[in-house]
Number of protein chains: 2
Amino acid sequence: MIPNDLIIVIGREFGSGGRSIGHKLAQRLSVPYFDKELLKKAADSLGFSTDIFSMADEKRPSFLNRMVSQAYGLADGFSKGTLSNEGIYEAQSNVIRALAEKGGCVIVGRTADYILRHHPHLVSIFLHSPIEKRIKNVISRGEGTIPGKCKDFIQKKDRSREAYYNYFTARKWGSASNYDLCLDSSVLAEDEIVDIICHYAEAKFKTKK
Amino acid sequence: MIPNDLIIVIGREFGSGGRSIGHKLAQRLSVPYFDKELLKKAADSLGFSTDIFSMADEKRPSFLNRMVSQAYGLADGFSKGTLSNEGIYEAQSNVIRALAEKGGCVIVGRTADYILRHHPHLVSIFLHSPIEKRIKNVISRGEGTIPGKCKDFIQKKDRSREAYYNYFTARKWGSASNYDLCLDSSVLAEDEIVDIICHYAEAKFKTKK
C-alpha cells in the first residue's frame, strides 16, 4: 500500500523529538534515515563536497551582511569561500534531490519539505511540543546547555530554523498549511506517532480524490 | 478507550470541509455536533440569548472603530446594543463551556480550541487545504459567490477568521503549535480523516507520557 519510493520529510521545533521519531519511522518502513550528519556522509558518497552541510546548518542568514554587499554592489555578502548562502542551499538541495531519486527515505530538517514539494510520493510532517516538555527532553538528552538557560537556548534554535526556512522557501515555518500532517509530539508515545504517520501515508496513496 | 467526555474542536480554513468532517466525526463517536447554527439553538435551550452567535460570527473586529472610540474616551467602539465585542465573545464562550460540561461533543470554529484549552479530554484539530481544492469545494457546495470571485471570497473569509482568532486568543490561527493535529483535508477521503482523528484521540488518552 505504501509506495517503495515514499519520502517522509520532517520539520520540527527544537527538542520535539524529530530525530528519534524519524529514526523509528525509517526503521518501521525499512528505508534510510537522513539528518545533517547522514546527509554529509551521503553528500560524500554522491561526490558532493561534504562541507556544504556544515556551512549553513539551518542558521539565520545575515541580512545585514547581505544588505551591505548589495549596497556596495559586491558579490553576495553571505559568501563563505567560493559559495554564497544561496549556493550552499542549492548544493544541499541537490544532495537531497539525488537521495530522493534513489528511493524511499526519511529526511529531517533542511527544508526538505520544500525542496521535494513536487515529489509524487511525499508525506510532509511537522512536529512541535510545548516548551516545558522540550526543555525536559533537551535536558534528558544531556545537551550541554547552561543550567537555567535551556529555554533561551531552545528558543534561539527555533528562531534560527524559522529564519532559515522562511528565507529559503518564502513559506512560514510551522504554519499548518505547509505540511500534510502536524502533530504535538508530547501528546503520544513515539511509537504511536509513527503509527499515525504510517496510517496517514497508507491512506494518502490508497485514496483517489 | 475514548473517554465519554471527549471534546473534539475543529479550526479550519474556509472551504476545507470542516463542517462535513465534523458531522462525520460526531456520528462516528455518537456525540452531538455544534457549529454556528447549532450553537445558537443550544444557547437558546441553555437560557442564553440566541443573538450572541449572530453578532460576532468569526468576523474581523473593527480596529478603526475601536481606535476612534478610545481616542475620544468612549465606551468600546465594538459595542452593538449593550454588548461589546468582548462581551459577545465571553457570552459565546460561556455557551461553549456549558456544552462541554454536558459531555462529549464536536465543535467547529469560534476559537473553541482556545476556550476549552484546559479541558482534560480535548483533541484540537486544524484542517486546511490548497486554495484550488477549496475553490472546487465551495463551488460544488453551491455557495453563491460571483463567478471568478470565489478565490477572493475564500481568502476574505480566511482573513476574517484569522483576525477574529488572533484577536481573541493572542495565538496565531493555523500555526501548528496551537493544535494537537493538523491535516491537509484534500489529501485523504473524509472517512480516512475521521479514522486518523479517532486513532489519535484513542492514542492520546491511552498513552501516559
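Q: Does A:Phe168 count as buried or exposed?
A: The relative accessibility of A:Phe168 is 12%; keep in mind that this is a predicted model. The cut-off for buried is under 20%, so A:Phe168 counts as buried.

Q: What kind of pair do the rings of A:Phe126 and A:Tyr179 make?
A: Their centres are 5.0 Å apart, and the planes meet at 35 degrees. Stacked needs under 30 degrees and edge-to-face needs over 60, so this pair is tilted.

Q: How many residues apart are A:Phe126 and A:Tyr179?
A: A:Phe126 is in strand β4 of chain A, while A:Tyr179 is in the loop between α8 and β5. The pair therefore links distant parts of the chain, and the separation is 53 residues.

Q: Are A:Phe126 and A:Tyr179 buried or exposed?
A: A:Phe126 has a relative accessible area of 1%, and A:Tyr179 has 2%. Buried means under 20%, so A:Phe126 is buried and A:Tyr179 is also buried.

Q: What sort of aromatic pair do A:Tyr164 and A:Phe168 form?
A: Centre to centre, the two rings are 5.0 Å apart, with 65 degrees between the planes. Angles over 60 degrees count as edge-to-face, so the pair of A:Tyr164 and A:Phe168 is edge-to-face.

Q: Why are A:Tyr164 and A:Phe168 separated by about one helical turn?
A: Both residues belong to helix α8 of chain A. The spacing is about one helical turn because they are 4 residues apart.

Q: Which residues do ring pairs link into a cluster?
A: A:Tyr164, which counts as buried at 1% relative accessibility, is one of the members.

Q: Which residue has its charged end over the ring of B:Tyr114?
A: Chain B has charges sitting over rings: for instance, the charged end of B:Arg141 is over the ring of B:Phe14, 5.6 Å from its centre. Over B:Tyr114, the distance to the ring centre is 3.9 Å, and the charged end belongs to B:Arg117.

Q: What area is buried between chain A and chain B?
A: In terms of contacts, 28 residues of chain A touch 28 residues of chain B. Carbon and sulfur atoms give 59% of the buried area. The area itself is about 2,300 Å².

Q: Which residue of chain A meets B:Lys206 in a salt bridge?
A: The interface of chain A and chain B holds 2 salt bridges. In the one with B:Lys206, the side chains meet at 2.8 Å, N to O, and the partner is A:Glu192.

Q: Which element gives the most to the side of chain A that touches chain B?
A: There are 12 residue pairs in polar contact between the chains. On the chain A side, β4, β5 and α9 each supply at least two residues. With 8 residues, the one that gives the most is α9(A).

Q: Which residue's backbone oxygen does the side chain of B:His128 reach?
A: B:His128 lies in strand β4 of chain B and counts as buried at 1% relative accessibility. Its contacts include A:Ser177, A:Tyr179 and B:Glu13. The side chain of B:His128 reaches a backbone oxygen at 3.0 Å, that of A:Ala176.

Q: What share of the 209 residues of chain A counts as buried?
A: Chain A has 9 helices and 5 strands. Of its contacts between residues at least 6 apart in sequence, 72% join residues at least 24 apart. As for burial, the share of residues is 53%.

Technical notes
Residues are numbered from 1 along each chain as its sequence is written. Chains are lettered from A and ligands numbered from 1 in the order in which they are written. This is a predicted model: local features need pLDDT of at least 70, side-chain atom pairs count only at pLDDT 80 or more; totals for chains, interfaces and linings use all residues. Side-chain values use heavy atoms; hydrogens and water are left out. Rings of Phe, Tyr and Trp (its six-membered ring) pair if their centres lie within 6.5 Å; planes under 30 degrees apart count as stacked, over 60 as edge-to-face and the rest as tilted. Buried means under 20% relative accessible area, exposed over 50%, partly exposed in between (1.4 Å probe, protein chains only). A charge sits over a ring if NZ of Lys or CZ of Arg is within 6 Å of the ring centre and within 35 degrees of the ring normal. Contact means heavy atoms within 4.5 Å. Buried area is the accessible area (1.4 Å probe) that two parts lose on being put together, summed over both. A salt bridge is a side-chain nitrogen of Lys or Arg within 4 Å of a carboxyl oxygen of Asp or Glu. A polar contact is a pair of N or O atoms within 3.5 Å; within protein, one must be able to donate a hydrogen and the other to accept it, and residues adjacent in sequence count only if both atoms are side-chain atoms. Lists of a residue's contacts leave out its neighbours within four places in sequence.
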